[in-house]
2 protein chains.
Amino acid sequence: MSEENIVYVGNKPVMNYVLAVVTQINNGALEVYLKARGRAISRAVDVAEIVRNRFVTDIEVGQISIDTEEVVDDNGVTNVSIIEIPLHR
Amino acid sequence: MSEENIVYVGNKPVMNYVLAVVTQINNGALEVYLKARGRAISRAVDVAEIVRNRFVTDIEVGQISIDTEEVVDDNGVTNVSIIEIPLHR
């Protein structure tokens, strides 16, 4: 998958990410991957659901995968959960 | 699936839910379903990852599903995302 087909979901308002996904699909992308970690995971699910229910009703949610990443910060190494949600037409 | 095989993840500390899953598996459950909605979705993913990485290393994450539920509260009807994470041996 090309880097353009990935939308990284962070702490911005959910509609920012919805718009990013819808834009990619309107530009011809057949598959978009939502990626998020930590607390943004809930928001990534919201993005997928809003896109699917309100904007691109023929999109399907593919095989969702979860994993753990190590993050190094001032407090040392901590584990953070990550999610990847594929959306495809 | 029987009701006992479902762990509803809410706002308690993550280890409460990890313990609930591990207890069910130690009692012979072959499959446990984690369910969460809204912001607790991130915590449900944490529970799955902690169980898998630290406690029951032969468990596998099945097909994760997401959906939207309508919640009626004082402010009217709002949509909330939900997740279901099956864990099985």
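Predicted model: local features only at pLDDT ≥ 70, side-chain atom pairs only at ≥ 80, totals over all residues.

Student: What is the volume of the largest pocket?

Tutor: Start with volume, then go to the lining. The largest pocket holds about 470 Å³. Its lining has 15 residues. Nearest its centre lie A:Arg39, A:Ser42, B:Arg39, B:Ala40 and B:Ser42.

Student: Which element gives the largest share of that lining?

Tutor: α2(B), with four residues. Helix α2 (40-55) of chain A and α2 (40-55) of chain B each supply at least two residues.

Student: How do the lining residues of the largest pocket split by class?

Tutor: Three are nonpolar, six are polar and six are charged.

Student: What about the second largest pocket: how much space lies in it?

Tutor: About 220 Å³. Read its lining chain by chain. Chain A gives A:Asp46, A:Glu49, A:Ile50, A:Asn53 and A:Arg54. From chain B come B:Gly38, B:Thr68, B:Asn79, B:Val80 and B:Ser81. Two elements give two or more residues each: α2 of chain A and β5 (76-88) of chain B.

Student: Now the helices. At what angle do α1 and α2 of chain A cross?

Tutor: Look at axis distance and angle together. In chain A, the axes of α1 (residues 14-26) and α2 come within 9 Å and cross at roughly 55°. That angle makes α1(A) oblique to α2(A).

Student: Is the crossing of α1(A) and α2(A) left-handed or right-handed?

Tutor: Right-handed.

Student: Which residues meet there?

Tutor: List each side of the contact. On α1(A) they are A:Val14, A:Met15, A:Tyr17, A:Val18, A:Val21 and A:Val22. On α2(A) they are A:Arg43, A:Asp46, A:Val47, A:Ile50, A:Val51 and A:Phe55. By class, ten are nonpolar, none is polar and two are charged.

Student: And how do α1 and α2 of chain B cross?

Tutor: Their axes come within 9 Å, at roughly 55°. The two helices α1(B) and α2(B) are therefore oblique to each other. Their crossing is right-handed. Residues of α1(B) in the contact include B:Tyr17 and B:Val18. Among those of α2(B) are B:Val47 and B:Phe55. This contact has ten nonpolar residues, no polar ones and two charged ones.

Methods: Residues numbered from 1 in each chain as written. Chains lettered and ligands numbered in written order. Heavy atoms only, no water. 1 Å grid on protein atoms, 1.4 Å probe; cavity = no way out; pocket = protein on both sides within 12 Å on 5 of 7 lines; lining within 4 Å. Points joined across faces, edges and corners; volume = space filled by probe spheres on them. Nonpolar A, V, L, I, M, F, W, Y, C, P; charged D, E, K, R; others polar. Axes fitted to C-alpha atoms, helices over the stretch in contact; angles between N-to-C directions. Parallel < 35°, antiparallel > 145°, perpendicular 65-115°, else oblique. Left-handed = near helix turned anticlockwise from the far one by under 90°. Contact = heavy atoms within 4.5 Å.
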